[in-house]
Amino acid sequence: MHLASPRMSSLPILPLVLLLLAHCTTQAPCKNESYWFIKEIETILNNSTSSQTPPSDLNSNDKFVLRNEDFLRSNLDEFLEAAKMLNDTGEQIRKNLEHFKTKLPNTTSAEHRLIIEKGNWEDFRKKLKEYLKALREFFSL
């Protein structure tokens with residue numbers, strides 16, 4: 001039995017190949033963009049002057065809220081708001097976080113809420129680091 005004869009055309013497969021190629025090219029830039037925005041934020045965090053002190057551990061509620069995909073959008077809104085209360089570094093981070101506003105699904109629950117201490121760089125930084133891990137998982141980076 002021959003699966004493909006020399007006279008058989010590959011034209012019927014062409015639309016499927018083109019469809020798969022189009023799907024791959026439309027998905028890749030979003031992931032690639034997200035990767036670079038996350039990387040840029042991590043660089044800013046690592047280069048900040050106060051990043052020399054190790055962050056204290058997060059409590060279990062904060063870890064749950066930060067890692068839960070259902071709260072990614074509401075957490076983003078909290079980080080964007082908190083970044084306004086920080087110095088120029090916060091502004092740089094806020095500009096990079098803006099990228100994710102259109103990429104994340106809206107929050108369906110207001111049951112759990114992330115609280116970032118106003119103007120507290122260390123609280124912001126340690127929670128943002130955990131949030132970036134959740135974004136990496138969400139975007140499969």
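How are α3 and α4 oriented to each other? They are roughly antiparallel, as the second of the views below shows for this predicted model.

Figure 1. The predicted model contains 5 helices and 0 strands. Along the sequence the elements follow the pattern α-α-α-α-α. The chain has 141 residues, of which 33% count as buried.

**Figure 2. Close-up of the packing of helix α3 on helix α4.** Helix α3 spans residues 72–83, and helix α4 spans residues 88–97. The two pack at an angle of about 150 degrees, with 8 Å between their axes. An angle over 145 degrees counts as roughly antiparallel, and α3 and α4 are therefore described in that way. The crossing of α3 with α4 is left-handed. On the α3 side the contact is made by L76, F79, L80 and A83, and on the α4 side by G90, E91, R94 and L97. By class, these residues comprise 5 nonpolar, 1 polar and 2 charged.

Figure 3. A83 belongs to α3 and is buried, with a relative accessible area of 1%. Leaving out residues up to four places away in sequence, A83 touches G90, E91, R94 and F124. G90, E91 and R94 are also among the α4 residues in the contact with α3. The C-alpha atoms of A83 and I116 are 9.8 Å apart, although 33 residues separate the two along the chain.

**Figure 4. Close-up of the two sides of helix α4.** The buried residues of α4 are T89, G90, I93, R94, N96 and L97. Viewed down the helix axis they fall within an arc of 165 degrees, so they line one face of α4. The exposed residues D88 and K95 are carried on the face turned away from that buried side. An α-helix has 3.6 residues a turn, so residues three or four places apart point the same way.

Figure 5. N96 lies in α4. With a relative accessible area of 12%, N96 is buried, since the cut-off for a buried residue is under 20%. Not counting residues up to four places away in sequence, N96 touches F37, E40, I41 and I44.

**Figure 6. Close-up of the packing of helix α4 on helix α5.** Helix α5 covers residues 121–138. The axes of α4 and α5 are 12 Å apart and meet at an angle of about 30 degrees. That angle makes α4 roughly parallel to α5. The crossing is left-handed. T89, I93 and L97 of α4 meet W121, F124 and L128 of α5. This contact has 5 nonpolar residues, 1 polar residue and no charged residues.

Figure 7. L128 is found in α5. It is buried, with a relative accessible area of 0%. Apart from its neighbours within four places in sequence, L128 is in contact with I41, L45, F79, I93 and L97. I93 and L97 are also among the α4 residues that meet α5. Between L128 and E42, 86 residues apart along the chain, the C-alpha separation is 9.2 Å.

**Figure 8. Close-up of the packing of helix α2 on helix α5.** Helix α2 runs over residues 60–67 and packs on α5 at an angle of about 40 degrees, with the axes 8 Å apart. α2 and α5 are therefore oblique to each other. Their crossing is right-handed. D62, L66 and R67 of α2 make the contact together with K127, E130, Y131 and A134 of α5. Sorted by class, the contact has 3 nonpolar residues, no polar residues and 4 charged residues.

**Figure 9. Close-up of the buried side of helix α2.** D62, V65 and L66 are the buried residues of α2. Seen down the axis they fall within an arc of 95 degrees, so they line one face of the helix. The buried residues of α2 pack against α3 and α5. D62 and L66 are also among the α2 residues in the contact with α5.

Conventions
Residues numbered from 1 in each chain as written. Predicted model: local features only at pLDDT ≥ 70, side-chain atom pairs only at ≥ 80, totals over all residues. Heavy atoms only, no water. Axes fitted to C-alpha atoms, helices over the stretch in contact; angles between N-to-C directions. Helix = DSSP H or I, 4+ residues; strand = E, 2+ residues; numbered from the N terminus. Parallel < 35°, antiparallel > 145°, perpendicular 65-115°, else oblique. Left-handed = near helix turned anticlockwise from the far one by under 90°. Contact = heavy atoms within 4.5 Å. Nonpolar A, V, L, I, M, F, W, Y, C, P; charged D, E, K, R; others polar. Buried < 20%, exposed > 50% of the residue type's maximum accessible area, 1.4 Å probe, protein only. Arc of directions from axis to C-beta.
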